[in-house]
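Have a look around before you read on.

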Amino acid sequence: ELDFSAFMFNQDLEYLDLSHNNIWTAYCQLLARLRHLDLSFNKFTVLPICQEFGIMFHLEYLGLSAMMIRRSDFRYVAHLQLDTVFLTLEDFSLYEPLSLTALNTRSLHIVFATNQNFNFSLLYDGMSTSEKLKIVNLRYTLSHKDFPSPSLELQKKIKTTDLTLDTVDLEWTVILQIFLLVWDSSVEHLTVRNLIFRGPVEELTEYKHVPLLRSLEQLLSLGSSMKALTLERVRNKLYYFNQEILYRQFSEMNIDSLTIHDACMPHMLCPKKPSSFQYINFSRNALTDELFQNCDTLANLKILILHRNKFESLSKVSFMTSRMKSLRYLDMSSNLLRNSRAEGRCQWADSLSELDLSSNQLTEAVFECLPANINKVDLQNNQIASVPKGITELHSLQELNLASNRLADLPGCRAFTGLEILNIERNLILTPSADFFETCPSVKELQAGQNPFKCSCELQDFLRLERQSGGKLSGWPEAYVCKYPEDLSGTQLKDFHLTELACNTTLLLVTALLLTLVLVAVVAFLCIYLDVPWYVRMLWQWTQTKRRAWHDCPEERETALQFHAFISYSERDSLWVKNELIPNLEKGEGCIQLCQHERNFIPGKSIVENIINCIEKSYKSIFVLSPNFVQSEWCHYELYFAHHRLFSENSNSLILILLEPIPSYVIPARYHKLKALMAKRTYLEWPKERSKHALFWANLRAAVNIKLPTSFETDEEQSDVTSTSSITQRLIK
């Protein structure tokens, strides 16, 4: 039950939908502001129209349901100016003729019971009631001989201009009688959806029980109020019928617009005489290349839609249109169209300005078969890999759709000088050409998103193109995403950046050259400042000396210690060495043997070789440091080789004696080893006080004192060598 008093405190209520319930009874109350009331698809036996409805002057939409309709049911709302009345008639049992004519509504929508034979009085009265009429579920299983034909008076009362019949299951003869009723009426637009027709399909010989003086074909060729006929999802339950009868009745209609959609129709006849068709839509059928070939009677046709059929030859399609002198738009999408040079030239209607060839099997050869005066072409979802050079120029082309093809780059505009809109989405473009807008100055919009962009240096130029285009890239930045390399996959192009140095080869080479020159200059400076050539020369000499010793004297490879210490000093400090250092170490306790160049260098060997041999045969190396020492080149040699031994043998063999203080500015820059040793190692400083000399000599003697192996040379031999060496080395120094 429904009691409208439930809404008594909702006086501002305007929209109330109670459809699709199980309401049997309603108790009414005034809802003065209500505009929309829907009680359809309920269980009412009679129409639930209360007296209170009559004063709902704002009511525009009224949805009702019932099992029977009587004329008196509408008495309370007959005076209301309604926009739409929606009636659901389930388990319908009774209709009192002319009941619907009591309504005053612009649009009437009736949903009849699905399992009952339709009451055609509802159709006839509905057409006399509203301008727009829609009826769902027209089913009539009885013989067409029992079909209740409309009365002769009905023709003059029809008000409907827009009639829609949905879910229709009738015999062909019944359909023709309804169609003739509509044809002679004020109906301008007839739409029939989900149509199933049964046989037999034959010529109609009488109408309203009156013999037809003319054939149906002749009647349809005469003028009427009808402008458009639409048939959608048409099926038949006949295994065989004369299709020419059916096709001829459609082709000879004197109307502006004809749509037969999804009807499995394999063919359509060319009108016998000049047709008034301006719009034809035969989409989702089984039409082939034979349609309208050599047809001269469609000169008024402006729009032809043949979407999703079985056309294969683009050349034949072009010849089909060549005699359609007024054709503006042609839709051949989702067919099986191919085009090859072997088919010959194409011949299109000169008036054709818009052509849809999307979702076919066309290749780049299609550009040789396009209308010369075309303004807009849709070639998306084909197999086009490039736009050939040298094709016929299409000066009038303003919009070109090449989405979902196999293009690897943006096409140029040499053949499309007037192009304004280009769609090249979903192709195989990795790095688009950056000179596109230079070759296509007229382009106002470029759709190039959803391509597998490779984010590299080559793409940088395209990104600069976007910044300079002034918003001409449609879908930027969401549709422009990196695909390669994998680590950048998913990155929007606007977030991809590379430095100018990484992408400019010339700049990179110049920078690398400058850095190399700077590096060479720095290395050269350091080499000069640190005297690197000197160290290299010393290292080479040391290596050569060791190699000669290895090959010439195999028995001396294992060098035995012969001296407690090797003394390195400047010749200017020789007096202190001879008068103080040597006497105090050699003549004291412990029998310390010192190696001095004047007495221990072997004649015939190079100075460097003698230095290396003496250092290696000595337990320690004593360096007498003074300002004179840093001025001596040979002292530097000796220090270098001793320091080299320090690291190569990991020994603690250096003893530094500071004879005189050495200011840091006196030490040459290349003596960095000496600076490092004086900074890191402890050295013995020669005391000026005589009282501290004894402790100095004791510390020094303790540092060099070690038991040496037995000498292989006699004292006499050593004495001879010493005297000869002394004379030689003094001459050299």
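Q: In which loop is Pro485 found?
A: First, some housekeeping: this is a predicted model, where local features need pLDDT of at least 70 and side-chain atom pairs count only at pLDDT 80 or more, while totals for chains, interfaces and linings use all residues. Residues are numbered from 1 along each chain as its sequence is written, and side-chain values use heavy atoms, leaving out hydrogens and water. Helices (H or I, at least four residues) and strands (E, at least two) are DSSP runs numbered from the N terminus. With those labels, Pro485 sits in the loop between β26 and α9 (500–503).

Q: What is omega for the peptide bond from Tyr484 to Pro485?
A: Most residues other than glycine have a negative phi, and most peptide bonds are trans. The bond from Trp476 to Pro477 is cis, with omega near 5°, and Pro477 belongs to the loop between α8 (457–469) and β26 (482–484). Tyr484 to Pro485 is cis as well, and its omega is near -10°.

Q: Which phi value does Phe41 have?
A: Phe41 is in the loop between β4 and β5. Its relative accessible area is 23%, so Phe41 counts as partly exposed, given that buried means under 20%, exposed over 50% and partly exposed in between (1.4 Å probe, protein chains only). Ser404, in the loop between β22 and β23 (421–423), has a positive phi near 60°. For Phe41, phi is also positive, near 55°.

Q: How do α12 and α17 lie relative to each other?
A: Axes are lines fitted to C-alpha atoms, for helices over the stretch in contact, with angles from 0 to 180 degrees between N-to-C directions. Helix α12 (residues 574–586) packs on helix α17 (residues 693–704) at about 65°, with the axes 10 Å apart. Angles under 35 degrees count as roughly parallel, over 145 as roughly antiparallel, 65 to 115 as roughly perpendicular and the rest as oblique. So α12 and α17 are roughly perpendicular.

Q: Which residues of α17 meet α12?
A: On the α12 side, the residues are Trp576, Glu580, Leu581, Asn584 and Leu585. By class, the contact has 5 nonpolar, 1 polar and 2 charged residues. Here nonpolar covers Ala, Val, Leu, Ile, Met, Phe, Trp, Tyr, Cys and Pro, charged covers Asp, Glu, Lys and Arg, and the others, Gly among them, are polar. From α17 come Trp697, Leu700 and Arg701.

Q: How many nonpolar residues does the contact of α1 with α3 have?
A: Helix α1 (residues 120–127) and helix α3 (residues 172–183) pack at about 15°, axes 12 Å apart, which makes them roughly parallel. Phe120, Leu123, Tyr124 and Met127 of α1 meet Val174, Ile178, Leu181 and Val182 of α3. With no polar and no charged residues, the nonpolar count is 8.

Q: Which residue forms a salt bridge with Lys376?
A: A salt bridge puts a side-chain nitrogen of Lys or Arg within 4 Å of a carboxyl oxygen of Asp or Glu, and the whole structure has 17 of them. Lys376 is in strand β21 (residues 376–378), and its partner is in strand β22 (residues 399–401), 23 residues away. Lys376 is partly exposed at 32% relative accessibility. With the closest N and O atoms 3.8 Å apart, the partner is Glu399.

Q: What share of the 733 residues in the protein chain is buried?
A: The chain has 18 helices and 31 strands. Among contacts with a separation of 6 or more, 62% are between residues 24 or more positions apart. As for burial, the share is 48%.

Terms used
Contact means heavy atoms within 4.5 Å.
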